[in-house]
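Work through the exercises below with the structure open. Each task is followed by its solution.

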Amino acid sequence: MKPLANAVPQRGIPPGTAGVLARLFLPAPRSGPTTRDRARFLALGWIALPCLLWFGTLNLQAHTASTAWLTLSVSNQTVSGQWEIPLRDLDEVLGLDANDDGQLTWGELRARHTDLGGYSLDHLTLDADGRTLSLHVTEHRIRQRSDGSCAVVRFKADAPEPVQDLRIHYRLFFDRDPLHRGLVRFVNRSTASGSESASASVLSPDHPTVAFHVGKDTAENPFALFVREGMHHIWTGYDHLLFLLVLLLPSVLLRTGDGWRPEPSFRRALTRVLQIVTAFTVAHSLTLGLAAFDFVRLPSRLVESTIAASIVFAAVTNLWRFRAGIRESALDPRPLQPLFLNERPWLVPFVFGLVHGFGFAGVLAELGLSRSALGWPLLGFNLGVELGQLACVAGFLPFAFLLRRSRFYRFGALPVGSTLILLLAAGWFIERAFDLSFLPL
Amino acid sequence: MKPPLSAHRPCPRCRGWVFVCVLVAILGLPGSGVASDDSKVPDRDSEVVATLRPSSRTAAEREILTMRAQLAKDPVNLPLATDVASRLIVQFRIESDPRCLGFAQTALAPWWTNPVPPIEVLVLRATIRQSLHDFPAALADLDAALVLNPRHPQAWLTKATLHTVRGEYGPARRACVPLLQLTDALTATTAAATVAGLTGDAARSVELLEAALQREMDAPVAIRVWALTQLAETTARLGRSAESERHFRTALSLAPRDPYLLGGYADLLLDLGRPDEAAALLGADRKIDGLRMRFAEARQSAGHESQAEIQDLEGRFADALARGDRVHLREEARFHLRLLRRPASALRLARENWEVQKEPADARLLLECARVSNDRASAAQVLGWVATNRLEDIHLQARP
């Protein structure tokens with residue numbers, strides 16, 4: 001498509017047009033175009049122009065861009081895969097259409113199966129636990145997709161040991177079409193429970209690599225998956241743990257009329273801790289259930305802000321009791337601090353636990369479950385949260401109990417720790433309530 | 001690490017939704033498992049397993065293939081690379097196959113990641129990015145090109161287009177001014193008249209375009225088609241359907257398979273309640289999603305069975321979503337509104353689309369979705385926008 005001789009544009013604008021346009025627009029610049037501009041415009045412009053013109057309005061893309069679908073599964077030492085690759089793209093690279101008539105027959109394709117398998121597997125690297133696997137084609141098929149026909153390449157690879165981590169490095173077509181995407185789906189089959197879970201990833205020139213974790217028994221059933229999600233959430237969602245920690249800090253101490261005293265009995269400390277944890281658990285399980293089944297719905301901003309506020313409140317209670325503890329003498333009979341917190345340690349965790357439950361529900365909702373199949377995942381998720389919590393408590397309590405007499409604990413960990421947590425939670429509260437983002441944590 | 005806030009931050013929320021959708025789309029794809037799928041081994045060698053092209057290659061396609069082969073041997077040949085990329089973009093315009101854009105990007109690969117590549121590459125990169133709906137990056141490229149050469153007609157023209165698509169008529173108008181000096185009369189007039197036609201001067205815009213078309217009989221066909229398209233769309237918005245139809249037909253006589261024209265004319269016919277004619281117009285083309293969707297719409301309006309078409313389109317949109325493409329938002333919203341009849345998801349898509357582009361078609365879609373879903377705020381937002389820009393469109397009127 002050369003620039004047409006008769007397409008040389010006239011210089012300037014006919015007087016009439018210019019007049020009207022000038023009324024519509026600003027005054028036109030004075031100097032005329034240089035010959036060089038004109039030459040460049042002709043060289044580039046007239047070729048590109050028709051397509052560049054009103055392109056943005058053109059939303060009419062034919063089918064999706066080049067896409068290949070790779071499904072991988074692992075069973076013990078064997079990795080098997082199925083790769084569906086558009087025949088149009090393969091033909092571009094390998095010239096499959098022997099007679100070049102635009103119609104690819106099975107015979108033409110079959111004659112080139114060795115090249116096809118070699119080419120595709122050359123553009124895929126699978127590393128099992130750090131070792132690059134050697135892949136071999138087991139079968140060639142074809143498949144009709146909505147977007148056109150695909151060659152189906154089935155392959156296998158054997159690892160020396162049962163595969164734990166599978167790393168995929170994908171390079172197909174990226175060198176010729178950066179818009180190509182490899183859609184990888186990793187299917188995890190559990191031989192024990194017969195269940196199946198899948199994870200997926202989109203691979204592009206910018207992200208050509210993905211790793212999947214296989215785990216011990218090649219798979220995990222969904223229940224275990226949700227238990228893990230619950231544990232994961234309680235450990236990475238610092239706010240719930242911090243709330244619990246703030247409540248637990250004074251649990252090995254006793255508020256008496258003249259300040260903090262170490263709790264003499266481990267059993268009583270343990271009971272208090274159990275009361276706190278149980279109250280928190282009962283409360284958040286209640287609201288998690290209500291929210292998960294959609295009986296109650298609260299705006300996430302409100303929930304998240306209140307969660308931050310609950311930590312602030314709990315920390316303030318600690319400091320309040322602490323200050324009261326060192327300032328008041330035994331002679332001062334006035335109970336300035338809520339002594340009832342000694343007798344009813346479950347009250348604060350229960351009330352605020354209700355709000356934390358809505359926070360968990362938000363996470364569960366993001367995992368995308370249908371309401372009809374919510375029972376087991378909900379139970380699993382909740383169990384995971386409790387297990388995560390218990391692990392933290394089990395780690396915390398013995399140390400706290402041993403250290404409870406020390407000045408470090410009574411004048412360091414309790415007040416300083418509570419203050420730091422208070423400041424952090426106050427920051428979260430401001431961030432969440434006013435939709436800002438300034439904290440690094 | 002921040003504690004995961006479930007949902008209320010503006011940007012992560014969108015990304016979160018896209019992620020969830022992508023995940024659901026991929027996991028939900030039918031038969032992707034190794035064991036259960038509908039792949040097969042054909043029985044006979046003579047069975048045609050794929051139609052790679054509808055017909056034999058055109059001369060232009062063969063030329064592009066030869067040139068790409070040349071370029072592969074000499075990848076840093078700038079004039080050759082820009083020539084190949086331009087031709088591929090032209091090819092994309094004809095075929096609407098996004099592969100062409102990928103190949104064009106590959107042709108420009110040695111310069112693609114440079115912050116300031118040669119000006120020709122900048123302009124082409126802007127065009128490719130625009131086609132992938134990465135409008136901010138495309139505008140940045142054009143501005144960089146115009147710093148290198150403030151008298152680059154193509155850069156101004158593309159910039160005017162981009163701003164128009166995004167509904168930024170002030171900057172679009174300013175980008176048209178240099179065109180009066182830098183290009184031919186018909187190009188400059190069409191660019192300027194298009195913006196004027198969207199900002200309260202539609203009648204005058206039509207007069208200008210008609211006069212310019214009369215006068216510039218020798219202008220290149222592509223420019224004439226473009227001018228006629230704008231004319232047809234502007235008259236359609238004014239409700240002058242007969243005139244609009246005449247212009248669409250004239251344009252189609254010059255460019256019979258132009259997908260954009262076909263789509264626009266089909267829309268007019270659908271609006272005029274002539275779905276059979278729309279179906280007949282589109283019938284031959286099965287390749288382009290936007291046209292297929294209009295075909296299904298025409299079939300449905302005419303009372304024909306269209307379920308198979310709809311299912312097929314749904315699969316295609318799911319494929320695009322699985323890739324993470326967001327190029328089809330307008331089509332997808334319209335598909336959800338008119339064919340799937342899912343007003344809630346249609347409204348969500350139309351709103352998302354409205355964040356990216358603001359042409360009259362986008363405004364109309366959002367208004368229709370908002371009205372079906374009874375979302376007064378969105379409807380008021382569109383109508384406010386229409387009033388602010390003085391956009392004249394019979395489909396964008398407040399209800400009495």
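A residue counts as buried if 20 or more other C-beta atoms lie within 10 Å of its own, and as exposed if 12 or fewer do. Keep in mind that this is a predicted model.

**Exercise 1. Find the buried and the exposed residues of α13(B), and say what covers the buried ones.**

Step 1. Check the length of the helix. Helix α13 of chain B has 14 residues, 241-254. At 1.5 Å a residue it should span 20 Å, and its end C-alpha atoms are 20 Å apart, which agrees.

Step 2. List the buried residues. They are B:Ser244, B:His247, B:Phe248, B:Ala251 and B:Leu252. These residues cover an arc of only 135° around the axis, which puts them on the same side of α13(B).

Step 3. Recall the helix geometry. An α-helix has 3.6 residues a turn, so residues three or four places apart point the same way.

Step 4. Turn to the other side of α13(B). There, B:Ala242 and B:Ser253 are exposed.

Step 5. Look for the cover. The buried residues of α13(B) are covered by elements including α12 (221-238) and α14 (259-271) of chain B.

**Exercise 2. Decide where in chain B confidence is lowest and where it is highest.**

Step 1. Take the chain as a whole. Chain B has a mean pLDDT of 86, and 89% of its residues reach 70 or more.

Step 2. Compare the elements. Confidence is highest in α13(B), at 96, and lowest in helix α1 (residues 10-27) of chain B, at a mean of 40.

Step 3. Inspect the start of the chain. In residues 1-36 of chain B the pLDDT is below 50. This stretch still has 56 contacts in the model beyond near neighbours in sequence.

Step 4. Draw the lesson. Where pLDDT is low, the predicted coordinates should not be read in detail.

**Exercise 3. Work out the strand order of the four-stranded open sheet in chain A, and name its edge strands.**

Step 1. Read the order. It is β5-β4-β8-β11, with antiparallel pairing.

Step 2. Find the edges. β5 (131-132) and β11 (209-213) of chain A each have a single partner strand, so one side of each is left without a neighbour in the sheet.

Step 3. Follow one pair. Strand β8 (residues 165-170) of chain A pairs with β11(A) over five bridges. A:Asp165 stands opposite A:His213 in β11(A).

**Exercise 4. Describe the hairpin of β1(A) and β2(A).**

Step 1. Count the bridges. Seven join β1(A) to strand β2 (residues 78-86) of chain A, and the two run antiparallel. One partner pair is A:Ser73 with A:Ser80 in β2(A).

Step 2. Examine the turn. Two residues lie between the strands, and A:Asn76 takes a positive phi near 60°.

Step 3. Check burial. Eight of the nine residues of β1 (residues 67-75) of chain A are buried, so this strand is largely enclosed by the rest of the structure.

Conventions:
Residues numbered from 1 in each chain as written. Chains lettered and ligands numbered in written order. Predicted model: local features only at pLDDT ≥ 70, side-chain atom pairs only at ≥ 80, totals over all residues. Expected span 1.5 Å × (residues − 1). Arc of directions from axis to C-beta. Contact = placed C-beta atoms within 7 Å. Pairing = 2+ DSSP bridges. pLDDT = per-residue confidence, 0-100.
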